[in-house]
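I opened this entry to record what I looked up, in the order I went. The structure comes first, then my notes.

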Amino acid sequence: MRAWLRHHRIAFADALRRISLLNALVIGVALALPAGGYALLDSLRPASARLALEPRISLFLEPQLKRADAEALGKRLRADRRIGTVRFVTREEALKEMSSVQGMAEVIAALGRNPLPDAYVVTSKEEIAGELAKLPGVAHVQADAVWARRLAAAAAVVELAIALLSAVLGAALVAVTFNTIRLQILTRRDEIEVAKLIGATDAFIGRPFYYVGLLQGLVGGAVALALVAAALALLNREVGALAQSYGSAFRFGFLDLDEALAVLGAAALLGWAGARLSVGRHLRAIEPA
Amino acid sequence: MVSFSAVAKRYPGGQEALKEVSFSLEPGELAFLTGRSGAGKSTLLKLIAAIERPSAGSVVVNGQNVGALKRSAIPYLRRNIGLVFQDQKLLYDRTVFENVMLPLAFSAHPPKEAAGRARAALDKVGLLNKEKANPITLSGGEQQRLAIARAVVNRPSIIVADEPTANLDAESAARILDIFVEFNQVGVTVLVATHDLALVARYGKRVLRLESGRIA
């Protein structure tokens, strides 16, 4: 057991000397694309997910409608089982809400009188907007379900694109590692031949190369995370200013800890896989003669 | 210890290196394998270490049928055989000491014990004072002695040497053979291939003469 650990320590130290930082950088850049794309998508997801889950329908009432009629309508809406929540927004409340939005206060003040109607805001997972529009007293219906669905569909497309990109660049990572290890095996041909002659097992000879693949992937993964963090920091400086002008505190968030660990783990695993493929193929070819 | 029965070896392309070779070496025996260049001496030695596989017949080393050995079992066979080559197959990017340490890298010996063994092996071949040198700076005879030190550091029960004295002057050659005799005296089975019949005659040991693919 101690000998086994010592062998691994020696192979590890050997591998540390042999990893190519340039290759790790290439791997890092390649992985930064899907990882960064995922981080961006993830930041946008909360908004789109909420919209897709609970599409809201706004029912704007006829301006002359009496409060009593409006309340009767409310009762009818609450009785409908397809409708989740019902919220009555009076025209005064709506005006107040609107005034709180940056720059709108002046616009409203210039209007002189309240142009807004009373409204009901309901949530429903079903397509009942058309039906609701026909209810007496309802002037206009606006459903955000349509654009919520579009947003969700767009997000799904982007997500699929990122998944495809990940697969392609993951394969590239394997290929880069495969080639690194192939070259290292070829340059150490003499040493490998001698090792085989004096009774080294393939596992022993291959071990440092496995570590090279693993470490190179790991360093590449770390480079990718650093690139993503740097890019997001840059983006957030500009996004922060933009969002503030809309009164929002929106920022692109960095990957969660488990996501960051997943990037590192996947990179290390793919590097190891590339090394394993390469060792399996090239080590066998070297036989003492 | 080593036993060949009706062994033939044909290389791809039809060249027949060994036709029908039968002999056996007793444990603790020292024998010379002689024959002209191309008589099949190297092929015979390679069969012992499973560097080549026999086309027919059986090669038994330490009770193991080498021809039927699984690929994964070959390293363990070789650990028990000290191989010495005409071209010493030393690694010139490391020191004399590190070259001797190579076979100990995958053994279970603690580092201190391994270093002690390596020094003992170097001492036996008279190279202890050169342990920090690069092998390229050694003379031909010294390089061959270094190859022997590497072959014996794991204390194999068999030493197989292919033309270890080729390209050496008479004095260096005699010194190499003396070293093999010393190992033999402590019980190691030794088989040395050489075409230097005059040198062989001085030792009065068993001689296996290979002639056109057979033991004559």
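This is a predicted model: local features need pLDDT of at least 70, side-chain atom pairs count only at pLDDT 80 or more; totals for chains, interfaces and linings use all residues.

**Helix 6 of chain B**

Which residues of helix 6 of chain B are buried? I listed Ala173(B), Ile176(B), Leu177(B), Ile179(B), Phe180(B) and Phe183(B). They sit on the same side of helix 6 of chain B, because they cover an arc of only 145° around the axis.

Next I looked up what these buried residues pack against. In chain B I noted strand 3 (30-34), helix 5 (140-152), strand 7 (158-162), strand 8 (189-193) and helix 7 (197-201).

I then checked the length. Helix 6 of chain B runs over residues 170-185, which is 16 residues. At 1.5 Å a residue it should span 22 Å, and its end C-alpha atoms are 22 Å apart, so the two agree. Just after helix 6 of chain B, Gly187(B) takes a positive phi of about 105°.

**Cores**

The largest nonpolar core holds 106 residues. Which of them touch the most other members? I wrote down Leu31(A), Ala35(A), Ile48(B), Ala149(B), Ile159(B), Val160(B) and Phe180(B). Phe180(B) is also among the buried residues of helix 6 of chain B. Helix 9 (residues 202-245) of chain A gives the most to this core, with 14 residues.

I followed up Ile159(B). Leaving out residues up to four places away in sequence, Ile159(B) touches Gly82(B), Val84(B), Ala151(B), Val152(B), Phe180(B), Phe183(B), Val188(B) and Val190(B).

**Where the chains touch**

How many residues does each chain bring to the contact? Chain A brings 13 residues and chain B brings twelve. On the side of chain A that touches chain B, helix 1 (2-18) and helix 8 (189-197) of chain A each supply at least two residues. Helix 8 of chain A gives the most to that side, with four residues. I sorted the side of chain A that touches chain B by class: eight residues are nonpolar, three polar and two charged.

**Chain A as a whole**

I counted elements next. Chain A has ten helices and four strands. Along the sequence the pattern reads α-α-β-α-β-α-α-β-α-β-α-α-α-α.

Then I looked at its dimensions. The radius of gyration of chain A is 31 Å, whereas a compact globule of 289 residues would have one near 19 Å. The C-alpha atoms of chain A fill a box of roughly 100 × 40 × 30 Å along the principal axes. Of the 289 residues in chain A, 28% are buried. Among contacts in chain A with a separation of 6 or more, 86% join residues 24 or more positions apart.

**Met98(A)**

Met98(A) lies in helix 4 (residues 91-99) of chain A. Is Met98(A) buried, exposed or partly exposed? It counts as partly exposed, because it has 15 C-beta neighbours inside 10 Å. Leaving out residues up to four places away in sequence, Met98(A) touches Met104(A) and Ile108(A). Met98(A) and Gln244(A) are 146 residues apart in sequence, and their C-alpha atoms are 17 Å apart in space.

Terms used: Residues are numbered from 1 along each chain as its sequence is written. Chains are lettered from A and ligands numbered from 1 in the order in which they are written. Two residues are in contact if their C-beta atoms, placed from the backbone, lie within 7 Å. Ala, Val, Leu, Ile, Met, Phe, Trp, Tyr, Cys and Pro count as nonpolar, Asp, Glu, Lys and Arg as charged, and the others, Gly among them, as polar. A nonpolar core is a set of buried Ala, Val, Leu, Ile, Met, Phe, Trp, Tyr and Cys residues joined through C-beta atoms within 7 Å. A residue is buried if 20 or more other C-beta atoms lie within 10 Å of its own, exposed if 12 or fewer, and partly exposed in between; C-beta atoms are placed from the backbone. The radius of gyration is taken over C-alpha atoms; the globule rule is 2.2 Å times the number of residues to the power 0.38. The expected span of a helix is 1.5 Å times one less than its number of residues. The arc is that of the directions from the helix axis to the C-beta atoms.
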